[in-house]
Amino acid sequence: MSTEAAATGHVATGYVATGYVASGFSRTNVGSQPDAAGHPIGRDHGLRLLHEMLRIRRFEEKCAELYSAGTIRGFLHLYIGEEAVAVGAMQTLSREDAVVATYREHGHALARGLSMDRLMAEMYGKREGCSHGRGGSMHVFDAATRFYGGNAIVAGGLPIAVGLALADKLQQRPRVTACFFGDGAVAEGAFHESLNLAALWKLPVLFLCENNLYAMGTRIERAQSQTDLCAKAQSYLVPAEAVDGMDAFAVECATRRAADAVRQGAGPRFIEYRTYRFRAHSMFDAELYRDKSEVETWKQRDPIPALAARLRESGVVSETLLSAVEDSVAEEIAEAVAFAEAGSWEPVADLLNDVYTVRP
Ligand SMILES: Cc1ncc(C[n+]2csc(CCOP(=O)(O)OP(=O)(O)O)c2C)c(N)n1
């Protein structure tokens, strides 16, 4: 690691679960360009966002490689291209808050502070994984960080989030539940039931919709009569806002406004993040439903190089520091792979443990 990187303490912190999630963003080291609302990204904060997005990107690239080699099996849905959403939104949550996500949740898990080692071990199906190897890619769970999945059912997380928020409200716990889901979930009954009850009972839920334009191979216009997703939330009297999901800082600012309102007891809020997945829906998708040129156009807006360029151009971050961030991420991934490789398989005799069945 370079002296410069070491001096910032940023790269060296190994920041997982250190509590910075609750700390809000620093505006002290001002120097970079302002966001749309005129707030500058502090140097340290910009680096933090970049570091977190890179961890997710490189982690998933490694997972894709391991999947192709047959080391990781089952399903694998990559979040590549959408990292700014999870990273930006997660900055606004405290450790006490809860997070509910989908089957495309590696990014949310890492941004929330789950250990990369335990996440990688889960991908391998090893006992040391965060779901003890029973969940795999789609069912990442971690009580310590209040990460409630990982859910293979489209829109399945929304009623869970409403239930968590109802419990908090009844027990007067000042916490927020952040629920991430895709545009496809908005066409499900569970979305409508969840928004209705959350609005009616003024529950502390952040409904965070990642609109990447596609639900598997179906483009949004082919599946939904109303493509203005905010209008759907507003029909339940849930205040809604759409934001550029390719800009981590814009995501953070919009989510912070919404989270603050929810915390103050104003009831649920809805945000539509306009984003795009660069990879196929899953590893089994030939992507016959979209033009390569569309993918390439969106890649021009890749949130990671965009933020790196913004920090570099504003002169607050040097090339050396940026490559030190890359190095530290590569190191962390190598360690996670080694941890997973060294992990153990659950003995066959234990496979019926925790399963609702009578032992033979
Ligand atoms: C209730 C239900 N219906 C159908 C499926 C099959 N399915 C898996 S992913 C998916 C698309 C969901 O798209 P979206 O919610 O936009 O999320 P994205 O994959 O784009 O992140 C579908 C239909 C499912 N898992 N659950």
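Predicted model: local features only at pLDDT ≥ 70, side-chain atom pairs only at ≥ 80, totals over all residues.
Which residues in helix 3 meet which residues in helix 10?

1. To take the opening question head on: on the helix 3 side, look for A84, V85, V87, G88 and A89. Their partners in helix 10 are A248, F249, V251, E252 and T255. If you sort the residues of this contact by class, you get seven nonpolar, two polar and one charged.

2. Now for how these two sit together. Two packed helices are described by the angle between their axes and the distance between the axes. Helix 3 covers residues 83-90 and helix 10 covers residues 248-263; they pack at an angle of about 40 degrees, and their axes are 7 Å apart. That angle makes helix 3 oblique to helix 10. As for handedness, helix 3 and helix 10 make a right-handed crossing.

3. Next, find helix 5 (residues 116-124) and helix 13 (residues 319-341). Here the packing angle is about 50 degrees, with 8 Å between the axes. So helix 5 is oblique to helix 13. The crossing of helix 5 and helix 13 is right-handed.

4. Who touches whom in that second pair? Helix 5 brings M116, D117, M120, A121, M123 and Y124 to the contact, while helix 13 brings E332, E335, A336, V337, F339 and A340. By class, the contact of helix 5 with helix 13 has nine nonpolar residues, three charged ones and no polar ones.

Methods: Residues numbered from 1 in each chain as written. Axes fitted to C-alpha atoms, helices over the stretch in contact; angles between N-to-C directions. Helix = DSSP H or I, 4+ residues; strand = E, 2+ residues; numbered from the N terminus. Parallel < 35°, antiparallel > 145°, perpendicular 65-115°, else oblique. Left-handed = near helix turned anticlockwise from the far one by under 90°. Contact = placed C-beta atoms within 7 Å. Nonpolar A, V, L, I, M, F, W, Y, C, P; charged D, E, K, R; others polar.
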